[in-house]
Amino acid sequence: MTLPRPVTLPRPHRFDLLLGSLGLACGLLLWSFGLYTTGGRLLDQQWAPLIPLAATAGAEVVRRTLPRTALAVATAAVVADQFTNGNLVTILMFTDVVYAAVVYGNPASARRIPYSTGLVTVAVTVGFLVWWQNAIALVVGVLTGMVSFMPALTGAAVRNHREAAEAARLRAEQTALLAEMDRTQAVVAERARMARELHDMVANHLSAIAIHSTAALSLDDPGTTRQALTVIRENSVAGLAEMRRLIGLLRESGADTEPAAAPTLAGLDALVDQARTNARPSGLVLVLEDNRESAAGLPAPVELAAYRIVQESLTNALKHAAPGEVRVVLAREPDALAVEVTSPFGERPGPTAPGSGAGLVGMRERTALLGGAFEAGAVTDGGGRRLWRVRAELPVDASDEERT
């Protein structure tokens, strides 16, 4: 059997407890000197004003923790006070309870209380005008409005200001959060771009160095060793130059420093010639077939992506392709630039270089950033030979989709 949990009342706020105690003390001080608001009422006993005073002081104590209960108690107390000789502190504490009920109450109460007190003020004014039919009724109506309607309006203004300030604070926090998310995404995107650039620039040279160094170590031929060391030196120098260029891009440029030029398809012949030199000992023959009618009219991001795709495809062929022909084909389609690289697929003799698969990921990401299509895999040509084909279609109107 489960016992019911004991009901626990919320703990009063320290300021409200002080306010209620101070109000009760001031009311008792006025009562001790016989300072009443009126006289000759229905309950004219000396002790009668103390009951509404104590009830209103108790409502003050819970004005923040139980605003609706406090308002109900204070309203009953101020009405009862009108049947006694009255105490000014009771009325003053009632105005504060009305104000607190609007500020600290739930949204529904905060909307209803100003309208309710306004209607009460109008009803009291009209009722006394009909009953007394003189100007004193207007004075009573004004006093009623000052005691009930004005505190409610003041509380509504304060609550609206607090809610507007809180909404502004939340908007500022959300803006800061979105800015931080954008900054984080920008950092991640920049790191991915830097990783692609580093891989594409250096992997080709390091692959050639690895293959030729392995050949030099495995073949006891001075001529072959000298040729391999020559290729290793050329690729080392070229790789260091590419690394310096990338580091220069990452450094903060001065006012008089020109930006480093990104590689374009104009340098594709030199790239293929260098790869041809590196691939000759592996039995690879590189062929460049440029079917574009004109080399102009391509956006810079498209040219950079096409250059890097060809560079990485040649690097993969140098690492893994069997002896045979490696063909690079460029074709200008109506709305895209087609880049296709094919190489013999199969086991290759001699030294090889390990691969991590990051090259294919980088090529796919470059193509996706431009909104193009990318595919890579083994195919069979018309003669039954198995080839490894990399094909990318890069839209020529995607110049604004990637900033590299």
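Helix α8 (residues 268-279) lies across β1 and β2 (324-332), running at about 165 degrees to β1. Helices (H or I, at least four residues) and strands (E, at least two) are DSSP runs, numbered from the N terminus; angles run from 0 to 180 degrees between N-to-C directions, with axes fitted as lines to C-alpha atoms, for helices over the stretch in contact. This is a predicted model, where local features need pLDDT of at least 70 and side-chain atom pairs pLDDT 80 or more, while totals for chains, interfaces and linings use all residues. Residues count from 1 along each chain as its sequence is written, and side-chain values use heavy atoms, leaving out hydrogens and water.

Helix α9 (residues 300-320) packs on the sheet too, touching β1, β2, β3 (336-344) and β5, where contact means heavy atoms within 4.5 Å. The direction of α9 makes about 170 degrees with that of β5.

So what order do the five strands of the open sheet take? They go β1-β2-β3-β5-β4, with mixed pairing; two strands pair if DSSP finds at least two bridges between them. At the edges, pairing on one side only, are β1 (284-290) and β4 (373-380). From one strand to the next, the twist averages 10 degrees. β4 and β5 (residues 386-395) run antiparallel, joined by eight bridges, and Ala378 has Trp388 in β5 as its bridge partner.

Elsewhere, α3 (67-81), α4 (88-104), α5 (107-132) and α6 (136-218) each supply at least two residues of the lining of the largest pocket. The largest share, eight residues, comes from α5.
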